[in-house]
Amino acid sequence: MRKIVLIALVLMSGVLFAARLFYLQIYDASPDSLTRNSAIKVMYDYPQRGYMFDRNDKLLVSNQPSYDVMVIPKDVKPLDTLEFCGLLKITKEDFKEILRKARVYSPRLPSVVLPQLNKADYASLSEKMYKYEGFYIQRRSLREYQVDHSANVMGYIAEVNNAIIEKNPYYQMGELIGTAGVEKEYEEVLRGVKGVKYIQKDRFNRDIGPYKDGIYDTLPERGLDVQLTIDATLQKYGQELMIHKRGGIVAIEPQTGEILALITAPSYDPSLLVGRNRSKNFTKLWYDTIAKPLYDRVLMGEYPPGSPFKALTALVGLHEHAIEANDVIGCSGGFHFGRRVLRCHHSGPVSMVAGIAKSCNTYFCTVYKRMMDTYPTPQEGIEAWRKDLMSFGLGDFLGYDLPSGKRGNIPTASYYNKIHKFPEHKWSSLATISNAIGQGEVLLTPIQMANFTAAIANRGYYYTPHIIKNIIGPDTIPQKFKVKNHTTVEPEYFEPVVEGMFQVYEQGTAAYIKVPGIEVCGKTGTAENYTKIDGKRVQLTDHSIFVAFAPKDDPKIAIAVFVENGYWGSRWAGRIAGLMIEKYLKGEITRTDMEKFVLEGSLEDEYAKPYSGQPFSINR
Amino acid sequence: MTSGKTYVRFDWLIIFIYIALVAMGWINIYSASLSDAAKGYFDFTQIYGKQMIWIGLSIILIIFVLAIESKFYERFASVIYIVSLISLIGLFVFGRTIAGTTAWYDFGGFSIQPSEFAKAATALALSKYVSDIQTNMQDLKNQIGALIILALPVILIIMQPDPGSVLIYAAFVFPLYREGLHGVYLLLALFAIVLFVSTLAFGTIWVALAVLIIAGVIYFKNRRKKPNIIKYILVAIASIAFAFSVSYIFNNVFKQHHRDRFNILLGKEVDARGIGYNTHQSEIAISNGSWLGKGWTQGTQTKGNFVPEQHTDYIFSTVGEEWGFLGSMVVILLFVGLIMRIIYRAEKQKNQFGRVYGYSVAAILFFHFFVNIGMVTGIFPTVGIPLPFFSYGGSALWGFTILLFIFVKLDGANYHYA
């Protein structure tokens, strides 16, 4: 026993250390990743971010150099503070506070003293920097916007947050990432690939040369430029037309699905989100919860589509053999069902063409009811109707290449079963009759409206709308944008609807805003809408809606315009649509009276009403 | 000694392991201390160059130690011990203070740390005392005598203060136990360590409470055997008093950097950039090694000088990073092998003096090995003691060399060929 104790302890300690070493070196050894090694500094070489061009090769976004004054507190030597503050254009107190914070953060790591100097300040400062030990200037690349519109399309870049870093190991703290719009959608294309340099450090964080003579280092790859489908001229013009209005414009080239214009109003100058005032400006935009300039109404706004939806009711009715184009339906100023009546501002017998041209509620309610009644149950009717509508890209995400969007709503049979408490209570097709005229439960985003208009212009198919025209370099775009999506409605049924939309301008609701020299097909819309004030449901002035395409037989542009609380369809939306079409097809405006009306008109009074706290009247 | 001619044959296995450890030590010191200013392997301005000088001088020391008649060490053990004590006392007059510890004599350019030599001297004195025909380790009077031999250098070293070196003197409990000291003392030492650590970890009040509860439970369980309640109360009071004195010493005798070192061990300080930095960096370095290591002079933590004291107390982290699990295991096995061999040879000694001394050497080397590797791998607290033969430093290398080779000499005299 006495001889064994020490021997046993020696052997046990040997086993203990073997186990501990195994644990440290083999079992628990974090993957030998260079980035986690505290002795290796990883330096990134950031490539230029890709530029953006419009469809006509006009430059939209490029990059600008920006200069940050940095400090490593422990290297700072006594300096002429007054002169240095003068050069930096800050007060001595601010300077001391900045230095104090930097020292608290880390005496050995660099902190920003003054971010984003402009070129002039940089020039005067850089000559004298040698005098100030511990300070240096770091070059960064920032976005430089060549235009003051299209902020919603291009999006913006921002510093990555922790959630992104956890999901995507490419990004490190403080790096930038596209956070909205094209910047986000095509982030990997635009950003390129950063280069990496591994540098061996000592414990004071001083560089002592490249790690293993740089065998792991990589060179940066420049980001690719992209060409967008938007037309900068049209985009700018649309933005101007929408001043003092809320809503948006979407224009699509029907033959390709390319988005010609994507305008939301109000918007903001993209340059606001670059440079020294970025966070101040961003906060201001973010907290404007009334006008919501950061909210993309054309992609995110779900609105009742109103009368333009009647064109779809007509198409589905024809496809489901509920009606023929020549069938005439009498209108006595309203559609009567049970003891209720859905009023119509028009009266007299109409066929499909006139029904569309005059936007006759009675006609479309009848078509809708007949179509539902071709099915044994209203549930089957709704489902068939829904299937047809979804083939126009409604009720679901469209699949376009922008990172925000909404499905809209095309109600299902089970939805109606639920609200009507089926099967205890039965419901008939009449319970859903508002759908016929684009009210009721149906909700569309403006881009969905533009898309179904494009499908009508194409007489039965559409290309998924997209914003990318070309990725320069590989010279390609995703395959899914080159595939025709066919609607369930047969091409021959489109002619009477197209003719009806043409007659809207010839004799119908938009006759007075006709664009000379262009055969435009359109459809007005006036959608009732409500808000809540102090918990009470209050009706607001109707939304002004218009969809159109032109020219009639060789469509080059399909457009949807949405003006919140703009009253009737042709008043604002119709005029704007006409001006946009003329601008795009002719390049100049002949209806200057219309242009003047729109440019000078304002709906700010209308928007102020619900917030005024006063009783107000609508639709006047 | 028997009549006839005596041939001296040394235990070459011990010598071989010694050479291997010293050589590997130098290789790692080279890597840990390499800087841009270095000019070749023989640059004596560099740490590794100086270590080469220490190693060279060790060879002379070894020849010297082996040349001396083996009886000399037994006969002059007391003198050597007294000289050693004087050298420790002299520190308070002539000593040089580094980092709050007065442990060095400065000889213009290099310094000597007498406490490194005091271990060998104490081992000799203790061996002589225990091997005396009149000494019986079961006798309380002799136990006190042995305790005094150990206590004198311990007190002098505590006053420096150098708690790491003091710890090593606990190693002498093993040769004493081997020579008949009651096993209770080993258990007592273990119990004291448990009390010591738990006092620091949980606080005096909780330890006192735990002692009372445990004593109560044991008493209650044994109540049918009619235990003597006085004994229980005495043990409990002694334990609590010990806990309080530990707490008092910790707070009043220890310096802040000692307290910090214990606090890290006990998980009270988790700040990786703060005081736990040494251990944290050392663990990172070792983890970097994986199976085969990063290769000589290729360790990134080593190159960046992240591990403080890496060429001295933390030299093993360089082994871990640059030679990996396999290299580390070679070092571990060499130490285990060396210590086992010394114990084996100690048991073979014909006289008690050689056996006690051999055990002392084995126990001292074991304690250094155990505490140092335990510290570097983050199992134990940071106690600044070197890894024998490996760590940079002339005094330590010489101290261990003398300690070991006196045993080699004593052992050699035991190979008899008629």
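The points below take up confidence, then chain B, then some backbone details of chain A.

1. Basis of the note. This is a predicted model, in which local features need pLDDT of at least 70 and side-chain atom pairs count only at pLDDT 80 or more, while totals for chains, interfaces and linings use all residues. Residues are numbered from 1 along each chain as its sequence is written, and chains are lettered from A and ligands numbered from 1 in the order in which they are written.

2. Confidence. The predictor gives the complex an ipTM of 0.86 and a pTM of 0.62. For chain B the mean pLDDT (the predictor's confidence in each residue, from 0 to 100) is 84, and 88% of its residues reach 70 or more. Over residues 1–5 of chain B, however, pLDDT stays under 50, and the model has three contacts for them beyond four places in sequence; a contact here requires C-beta atoms, placed from the backbone, to lie within 7 Å. Where pLDDT is low, the predicted coordinates should not be read in detail.

3. Overall make-up of chain B. The secondary structure comes to 17 helices and three strands, these being DSSP runs numbered from the N terminus (helices H or I, at least four residues; strands E, at least two). Of the 418 residues of chain B, 45% count as buried, that is, with 20 or more other C-beta atoms within 10 Å of their own, against 12 or fewer for exposed and in between for partly exposed, C-beta atoms being placed from the backbone. Among contacts in chain B with a separation of 6 or more, 69% come from residues 24 or more positions apart.

4. Helix H1 of chain B. Which helices do the buried residues of H1(B) pack against? They pack against helix H2 (47–67), helix H14 (300–303), helix H15 (315–347) and helix H17 (394–412) of chain B. The buried residues of H1(B) include Ile14(B), Ile17(B), Tyr18(B), Val22(B) and Gly25(B), as well as Asn28(B), Ile29(B) and Tyr30(B). As to length, the 22 residues of H1(B) (residues 12–33) should span 32 Å at 1.5 Å a residue, and the end C-alpha atoms are 31 Å apart, which agrees; the expected span is 1.5 Å times one less than the number of residues.

5. The sheet of chain B. Three strands form an open antiparallel sheet in the order S1-S2-S3, with strand S1 (96–98) and strand S3 (110–112) as the edge strands, each pairing on one side only. Pairing requires at least two DSSP bridges between two strands; three bridges join strand S2 (residues 101–107) to S3(B), and Tyr105(B) has Ile112(B) as its bridge partner in S3(B).

6. Cis peptide bonds in chain A. Most residues other than glycine have a negative phi, and most peptide bonds are trans. A cis bond joins Phe422(A) and Pro423(A), with omega about 5 degrees, and Pro423(A) lies in the loop between helix H16 (413–419) and helix H17 (446–457) of chain A. Another cis bond joins Ala550(A) and Pro551(A), with omega about -15 degrees; Pro551(A) lies in the loop between strand S19 (536–550) and strand S20 (557–563) of chain A.

7. Positive phi in chain A. Asp57(A), which is not a glycine, has a positive phi of about 65 degrees and is found in the loop between strand S2 (52–53) and strand S3 (59–71) of chain A. Asp57(A) is exposed, with 8 other C-beta atoms within 10 Å. Phi of Asp534(A) is also positive, near 50 degrees, and with 6 C-beta neighbours inside 10 Å Asp534(A) counts as exposed.

Notes. Contact = placed C-beta atoms within 7 Å.
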